[in-house]
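Reader: Please take a close look at the pockets and at the residues that line them.

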Amino acid sequence: LLHRVGWLWEFHKVHHSIVEMDWLGNWRFHWGEIVVYNSLLYIPTLCLGVRGEVALAVGVFDTIIGHFAHANLRWRVGALKYLLNSPEMHIWHHTHPESGPVNRNFGLTLSIWDWIFGTAYVSGHGPSRLGFEGVESYPSQLPGQWRAPFLALLRKWRRAF
């Protein structure tokens, strides 16, 4: 959804603006994306009556796997790659269009969904470049990145009228 819906992609670009993979990339995001994402995740969770302790445990596990998947490690996890996200898979999610297939490995914690839906991709080496088309001209500092989605959406809105 974040990659396919234009206005959501403008917010998600902050996360994809990393050009060198490291575990801090797991925390690089736009606050607007988090508002949307957490609303879609936690409102249904609360409505279903999931206990707070369970939600916390899942959140901690997701964060650990997210840091691991974004870590600049050359670890292979063997058969676990069919279940859990890992550095060898997630780096291909961040590949620049000039460096390999895009729109792959969407699973945040569980890679099994990518294997089921045919979006999984793993190679014996990592991509030569990370980012998105136009990342060179994207703001590199947080204030500019937080403004960028709003400016892009304003430009699109102006062109529409």
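Author: In this predicted model, the lining of the second largest pocket divides into four nonpolar, seven polar and two charged residues (Asp, Glu, Lys and Arg are charged; Ala, Val, Leu, Ile, Met, Phe, Trp, Tyr, Cys and Pro are nonpolar; the others are polar). A pocket is an open set of points on a 1 Å grid where a 1.4 Å probe fits, with protein on both sides within 12 Å along at least five of seven lines; lining residues have an atom within 4 Å of a point. The volume of the second largest pocket is about 220 Å³. It is lined by 13 residues, and those closest to its centre are His3, Trp9, Val102, Asn103 and Phe132.

The largest pocket has a volume of about 1,200 Å³. Its lining consists of 37 residues, with Leu2, Tyr37, Phe106, Leu108 and Thr109 the closest to the centre. Two or more lining residues come from each of α1 (6–16), α2 (31–47), α3 (52–70), α4 (87–93) and α5 (helices are DSSP runs of H or I, at least four residues). Helix α5 covers residues 112–117 and includes Trp113. The largest share of the lining of the largest pocket, eight residues, belongs to α2. Sorted by class, the lining of the largest pocket holds 17 nonpolar, 15 polar and five charged residues.

Residues are numbered from 1 along each chain as its sequence is written. Local features need pLDDT of at least 70 and side-chain atom pairs pLDDT 80 or more, while totals for chains, interfaces and linings use all residues; side-chain values use heavy atoms, without hydrogens and water.

Note on methods: Points joined across faces, edges and corners; volume = space filled by probe spheres on them.
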